[in-house]
Amino acid sequence: MLKDAFSAIAGSPRPFDPVLEQAGRIILGKDREIRLAVACLLANGHLLIEDLPGMGKTTLAHTLARLLGLHFSRIQFTSDLLPADITGVSIFDRDKSEFRFLPGPVFAQLVLADEINRATPKTQSALLEAMEEGQVSAEGQTRALPRPFFVIATQNPSHQIGTFALPESQLDRFLMRIELGYPDRVAEKALLAAGGQRAQAEQLAAVFAAADLPAWQEQVAAVHAAGPLIDYVQALLDATRRNPAFQHGLSPRAGLGLLAAARAWAWLAGRDMVLPDDIQAVLPAVAAHRLRTTQGGGPALPEDIAALVRSVAIP
Amino acid sequence: MSTPANAALDRLATPWLFACALASALPHVLHQPVWLSLLAGTLLGWAFWLWQHDRRLPGRWPLVILVGAACAGILIEYRSLFGRDAGVAMLVVFVAMKLLELRSRRDAMVVVTLACFLLLTHFFHSQSIPTALWLLATVVLITATLVRLHGGPACTPRIALRHAAVLGAQALPFMLVLYLLFPRISGPLWGLPADAHSGKTGLSDTMSPGSIARLAQNGDIAFRVRFDGPAPPRQKLYWRGPVLEHFDGTTWRPFEGRRPAETLEIISPPIRYQSTLEAHDQRWLLALDAPTALPDDVRLNGTLTASSRKPVSERRRVSLAASLDYRFNRDEDPAILRRNLALPPGRNPQAVALAAGWRNAGREAILGKALALFASDFTYTLQPPLLGDNGIDQFLFQTRRGFCEHFAAAFVVLMRAADIPARVVGGYQGGEFNPLDDHVVVRQSDAHAWAEVWLPGRGWVRVDPTASVSPSRIEAGIADALPFGEPLPGVVQWRADWIRTLRFRWEALNNAWNQQVLGYDPERQRQLLARLGLPDADWRSLAIALGLACGILAAGLLAWATIHRPRCDPALALWHKALRQLARSQVDYAPWEPPLALAERLGQQRPELADAFQAVVNAYIAARYGKPGSNLETLRDAVARFQR
């Protein structure tokens, strides 16, 4: 159903193919997830990866940072992490007799917030504010974060002990939520034989400079979404609102996010227009964490999204 | 989108089916035995409980045992598995049982079909307005269920019901046209099962003590009458049923066999009226005394009773005329007069002796004596004491409490003992005038028996002994004649003004329904068609008119839909053309399937079509989803190539 729309109109430039290809050599057998992650960054959105420990979440973040030439920092969330540990503190400089601000790890272009749901809600919201505003308010001063600024947060499945599940309003800050899942047999064999990919990721050379990224993002934002396509997005949004399987429907912001993600997906495939294929490809990643099922109350499952897609005719 | 029949039924569709089964079976509770309703209700409740708690449905063997038990119960109850009542009972049980095997969509369709079928069976029992409304609502519910079954979970109850209501509204004009123009057939369209007409109430052709009192406790309508002029006073409204001449000591019966035609002298001018008879399964038409004009298939049978050739087994409308003052058989056959003097030997000696003592007085004096006797201290009641072998003696000299049949029977016995030919006449007396639609409504509770004596020079003369016991029975009606507490039907007993007004309205509405809707027979259809400029319409011209009307309606709806349809994008139209070609090549396609995925699937399933289709897809996405200004020619060419 959600067939990857990799086939492209012949001859279109696809500048991100090297990025995808090199990342695919590090994270084996996860082409689709890599593509979604890159699309998320191109759509200027933040990414949430939910999976068990050891599935390659951190490696993926590392790889992307290196390939895109982004200044990378990692924050390991723990239950005693304080907001200031993220945003930074002012210390007294005895030489100059003044307070000097020591920026925290959030002042980076790509921040990996590892196991975000281990921290207390107060600390979580410090990061989420930074994600939303693109700036940090600490000690009465507002400091702009570097541009571009991405957060890749990882999260353990919420039933694990000692976790604070992100509330729905904060889940909404993430454009996409993806799961990596176990590698298939072939990929796992290659992985085991190579003895881990983290070291290899450290060796990668940047394909682009960080300064190039805004230009790519502009191109993505210019990808054409025609009237019939907007109709389709609207029909999907409407279906989530009417479908009794969900507690509530998708918000207009989710609709905008869906379109932005689909634009990035189409652009990665070398197309200058969005197709229903693109919408369907990104829909699970964009919609599932924003929907709550009526039965059980958890986030929507892939089956729910598939049923949703099947209930909406393409206009 | 087509979903395979054996696809699993989605959970939220199931309550719709419960509702369908319940709505289509519920009115049968009124007619079928209690155990059957309980069984069906229990099965439904069980199915609902299983659904609510997400339990497994019962396996095959419990169901087989249940079917066997239910069939056995029906066999014991009705002594058959066929026929109207047993057949309906089977259907009800099957619908309820099918709810216990709701696994796939096919099962759901079976429930819907059974519910539709069950719906038709309600017309066996009732064709009244409430029934029609209930069935109409159930049809909408069943349609909504079908909409829901095909629409999937995104189809909320409101959407499904709105769709169904719109579909129903669109079907309404077709229903009216078919109703008005489909050739009418007198009688039912198909043979009804033999027991279809069982259980009709009405006068019987015998009379024994208590038989009319039992009937009078029923508030059902026997017939409705509409006079052409003003209605005559109610004490003159004697509606004649069977004439009972033979008495065996307990029971009065008519004489069988042929007799000469009446000689009727009409004194007052005839009054014309239309009578709508409810089915009573007897041949008499309960015409007003004395009938002067009759329909074609109706004759007087020699006792002034209008009899039709066939029993009145469904509601029937007749046009009649009556003269209220008449002389009837002034020269009666002596053999008949002898018959009307016969008394069972050795019975009722006291009464016979009393009347024998009157013989010397004049005939008028004898009548006066008998009526004076009744006027003395007799009580008119629906609950008379039981009588033994010499019932007339017991009644006249001991109990002195009785209903009209007691008075009529005692009077006739006295007259015969006094040597005056006399007989009992059964029928109805009076009726209630409904000012809203000018109809006189005659109920079973107006059932009555009176006497007729033959006097030389005057012929058969009506004498109503009840009138001397309880004059208000004749002048005002049975409810005034009986004290409160007698077992009269509520519809007759409750006489507060607002209740009466409400009842008049309801009955007038029902009458209009009976006359205009249910009474739409071949004759009425002919009249209507003649008014529409189609005189002497045969089935051929009817078929043409029907086809024409339906065609015009369909064209109108189509035009409306076309005007209101959003304008189709030409690129989309071409795309649909390509998809139709795909369907011709045996490739199925779902409306949610996006173009690139479809092309890729085609590449795997039908590689020989893939290249041409890929060209169509490329041109289509450029035309429909690309920047405006792309020309359609590429797409048109690609589609044309693909079609080749």
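Modeller: Bear in mind that the model is predicted.

Where does E332(B) sit? It is found in a loop of chain B, between strand β12 (326-328) and helix α9 (334-339). One is the side chain of N329(B), in a polar contact of 3.1 Å. Another is the side chain of W460(B), at 2.7 Å. Leave out residues up to four places away in sequence, and E332(B) touches L337(B), W454(B) and W460(B).

R423(B) does have salt bridges. It belongs to a network that links R240(B), E245(B), D289(B), R339(B), R423(B), E452(B) and R462(B).

Side chains of opposite charge can pair when their charged atoms come close. Over all chains, the structure holds 39 salt bridges. In one of them, the side chains of E132(A) and R173(A) meet at 3.5 Å, N to O. This pair links distant parts of the chain, 41 residues apart. E132(A) lies in helix α5 (residues 121-133) of chain A. R173(A) lies in the loop between α6 (168-171) and β9 (174-178). E132(A) counts as partly exposed because its relative accessibility is 39%. R173(A) also counts as partly exposed, at 26%.

R177(A) forms a salt bridge with E179(A), and their closest N and O atoms are 3.6 Å apart. R177(A) has 10% relative accessibility, so it counts as buried. E179(A) has 45%, so it counts as partly exposed. In chain B, the side chains of D85(B) and R84(B) meet in a salt bridge of 3.1 Å, N to O. R84(B) is buried, because its relative accessible area is 7%.

Next, the nonpolar side. In soluble globular proteins, nonpolar side chains tend to be buried together. The largest nonpolar core here has 105 residues. F16(A), L42(A), M176(A) and F613(B) touch the most other members. Helix α11 (residues 252-268) of chain A gives the most to this core, with 10 residues. A second, separate core has 77 residues, including F403(B), A410(B), Y428(B) and V442(B).

Beyond residues up to four places away in sequence, its contacts include L36(A), A39(A), C40(A), L47(A) and L48(A). Among the others are A261(A), V282(A), A285(A) and V286(A). It also touches H46(A) and H289(A).

Last, chain A as a whole. It has 13 helices and nine strands. Its C-alpha atoms fill a box of roughly 70 × 40 × 40 Å along the principal axes. A compact globule of 315 residues would have a radius of gyration near 20 Å, and chain A has 20 Å, which agrees. Buried residues make up 52% of the 315. Of the contacts in chain A with a separation of 6 or more, 78% are between residues 24 or more positions apart.

How values were computed. Residues numbered from 1 in each chain as written. Chains lettered and ligands numbered in written order. Predicted model: local features only at pLDDT ≥ 70, side-chain atom pairs only at ≥ 80, totals over all residues. Heavy atoms only, no water. Helix = DSSP H or I, 4+ residues; strand = E, 2+ residues; numbered from the N terminus. Polar contact = N/O pair within 3.5 Å; in protein donor to acceptor, adjacent residues only side chain to side chain. Contact = heavy atoms within 4.5 Å. Core = buried A, V, L, I, M, F, W, Y, C linked by side-chain atoms within 4.5 Å. Buried < 20%, exposed > 50% of the residue type's maximum accessible area, 1.4 Å probe, protein only. Rg over C-alpha atoms; globule rule 2.2 N^0.38 Å. Salt bridge = Lys/Arg side-chain N within 4 Å of Asp/Glu carboxyl O.
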